[in-house]
Amino acid sequence: MMNAATTGLAAGMALGFAGYFGGFWAFLLVLVLGAAGLIVGLVVQGDLDVRARRQR
């Protein structure tokens, strides 16, 4: 399993490659899709309860 430092390194490298080769808009696209993937992963893993946040 990957720890937080390895995950952060992989995300940073992906954003760096997107920014270097694709430009600013590719960087933003990778950033937004990465954040969406993080949220979905946290919900599936059970670390983020969407129902509790909706009821506020």
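Q: What percentage of the residues of the protein count as buried?
A: The model is a predicted one. Of its 56 residues, 4% count as buried.

Q: Which secondary structure elements are there in the protein?
A: The protein has three helices and zero strands. Along the sequence the pattern is α-α-α.

Q: How much accessible surface does the protein have, and what share belongs to carbon and sulfur atoms?
A: The accessible surface is about 4,900 Å², with 70% of that belonging to carbon and sulfur atoms. Leu9, Met13, Phe17, Tyr20 and Phe21 make a nonpolar surface patch of about 650 Å².

Q: Is Phe21 buried or exposed?
A: Exposed counts as over 50% relative accessible area. Phe21 has 64%, so Phe21 is exposed. Phe21 lies in helix α1, residues 4-22.

Q: How is a pair of aromatic rings described?
A: The description uses the distance of the centres and the angle of the planes. The whole structure holds three aromatic pairs. In one of them, the ring centres of Tyr20 and Phe21 are 4.9 Å apart and the planes stand at 85°, so this pair is edge-to-face. Phe24 and Trp25 also form an edge-to-face pair, with 5.4 Å centre to centre and 70° between the planes. Both Phe24 and Trp25 are exposed.

Q: Which residues do ring pairs link into a cluster?
A: The cluster consists of Phe17, Tyr20 and Phe21.

Key. Residues numbered from 1 in each chain as written. Predicted model: local features only at pLDDT ≥ 70, side-chain atom pairs only at ≥ 80, totals over all residues. Heavy atoms only, no water. Helix = DSSP H or I, 4+ residues; strand = E, 2+ residues; numbered from the N terminus. Buried < 20%, exposed > 50% of the residue type's maximum accessible area, 1.4 Å probe, protein only. Areas by Shrake-Rupley, 256 points an atom, 1.4 Å probe, with all protein chains shown as cover. Patch = residues over 30% accessible without salt bridge, like charges linked within 9 Å, V, L, I, M, F, W, Y side chains within 5 Å. Salt bridge = Lys/Arg side-chain N within 4 Å of Asp/Glu carboxyl O. Phe/Tyr/Trp six-rings, centres within 6.5 Å; stacked < 30°, edge-to-face > 60°.
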